[in-house]
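Here is my note on the model you sent. Please keep the structure open beside it and check each point by eye.

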Amino acid sequence: MKFSNLKLTHSPLINRLHLYEWENDPRLQNILDLENGNDLTDSFLDDLEWRAKNQHNIVIEIKGIRGSGKSFLARGIKTYQDKIRGMKSSINDIVFTRSEFLESYKKAKRGQTIIIDEDFSFQTQTGSLRLKESLNLAEQTFRIEEVSTIACSVAPVSSHLYDFYLVCYDYDIDNGYNRAILFNTSQINSVIYRPAGYILFPTRKYLDKKLEEAYIKKKKKFTKIVKENRLRTLQDDYDEYAKKIIEKYGLNIRKPPVSYLKILLRREFPHFANTELNDILDTLKVFLYEIHGNK
């Protein structure tokens with residue numbers, strides 16, 4: 001039985017755990033056997049082509065530990081679909097936050113594929129409750145608008161109504177292949193996960209050089225933003241929002257009624273949940289009291 005012609009790409013311990021997992025799991029042995037296993041690569045490529053030519057979208061969830069090649073695989077699938085559809089791959093189609101995703105979706109053209117990179121939960125960010133509701137509503141219209149989505153995550157994100165669920169196992173950096181185990185939605189919902197097979201996706205073959213260069217720049221910029229804001233609390237955000245509202249609407253000159261403040265907040269932050277708007281309103285009241293007193 002031939003386990004792999006690829007190079008395990010993780011740390012020494014993760015590589016050993018992968019081998020141990022394979023040695024003690026008959027299902028994985030059958031799936032990942034490159035000579036006799038269930039190779040679904042051609043069927044997967046045919047499916048992507050069929051959907052593109054027959055005006056069907058696709059939603060794919062890609063899971064994998066850090067360094068398993070999730071984003072690499074996602075970009076390969078996207079550019080493959082773009083070429084079939086005759087579309088130009090754009091860095092604007094790769095997003096890192098759900099709010100950015102919703103903005104990209106509003107501008108999306110029929111047949112476009114959007115990648116949500118590192119799609120971890122944004123529950124600690126302001127606006128996250130309303131954003132999650134908006135995201136779910138947007139995904140319900142994907143099939144009508146023929147917009148495809150590929151979401152990458154360290155852990156599965158149950159909110160996505162995906163067609164295929166891929167678990168990245170490793171990838172061959174030198175030759176540009178990704179190996180992933182493929183599940184379908186009916187198997188994901190079962191008590192015992194039953195992998196359908198594996199794919200060896202020729203990622204590098206389909207990558208767009210300009211897109212790759214733009215992706216590296218965008219990810220560095222996003223990483224810098226995350227580092228700068230990592231230690232911020234929700235109250236820091238509320239303080240900043242309240243100060244901007246006061247400056248933008250000249251509230252330091254006159255103190256408006258609370259009903260007016262509520263209207264301003266709803267207009268300024270349409271994606272925020274009521275609980276979050278109320279927290280910002282309380283902060284705003286404190287600042288206005290410091291400026292105007294009990295007037």
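1. Terms for helix pairs. An axis is a line fitted to C-alpha atoms, for helices over the stretch in contact, and angles run from 0 to 180 degrees between N-to-C directions. Helices (H or I, at least four residues) and strands (E, at least two) are DSSP runs, numbered from the N terminus. Two packed helices are described by the angle between their axes and the distance between the axes.

2. Where the numbers come from. This is a predicted model: local features need pLDDT of at least 70, side-chain atom pairs count only at pLDDT 80 or more, and totals for chains, interfaces and linings use all residues. Residues are numbered from 1 along each chain as its sequence is written, and side-chain values use heavy atoms, with hydrogens and water left out.

3. Overview. The protein has 13 helices and seven strands. Of its 295 residues, 48% count as buried (under 20% relative accessible area; exposed is over 50%, partly exposed in between; 1.4 Å probe, protein chains only). Contact means heavy atoms within 4.5 Å. Among contacts with a separation of 6 or more, 70% join residues 24 or more positions apart.

4. Helices α12 and α13. Helix α12 (residues 258-268) packs against α13 at about 130°, with the axes 10 Å apart. The two are therefore oblique to each other (under 35 degrees is roughly parallel, over 145 roughly antiparallel, 65 to 115 roughly perpendicular, and the rest oblique). Val258, Leu261, Lys262, Leu265 and Arg266 are the α12 side of the contact; on α13 it includes Leu277, Ile280 and Leu284.

5. Thr283. This residue sits in α13 (residues 274-292). Is Thr283 buried or exposed? Thr283 is buried, with a relative accessible area of 6%. Beyond its neighbours within four places in sequence, Thr283 contacts Gln235, Tyr238, Asp239 and Ala242.

6. Helices α3 and α4. The axes of α3 (residues 41-53) and α4 (residues 70-85) come within 9 Å and cross at roughly 45°. That makes α3 oblique to α4. Phe44, Leu45 and Leu48 are among the α3 residues that meet α4, where the partners include Ile77, Tyr80 and Ile84.

7. The cores. A nonpolar core is a set of buried Ala, Val, Leu, Ile, Met, Phe, Trp, Tyr and Cys residues joined through side-chain atoms within 4.5 Å. The largest has 27 residues, of which Phe44, Ile60, Ile62, Ile77, Leu166 and Phe201 touch the most other members. Helix α4 gives the most to this core, with four residues. A second, separate core of 18 residues includes Tyr241, Tyr249, Leu261 and Phe272.

8. Asp82 lies in α4. At 2% relative accessibility, Asp82 counts as buried. Not counting residues up to four places away in sequence, Asp82 touches Met87, Ser89 and Thr113. Thr203 belongs to α9 (residues 203-206) and is buried, at 0%. Leaving out residues up to four places away in sequence, Thr203 touches Phe72, Leu73, Gly76, Gly176, Tyr177 and Asn178.
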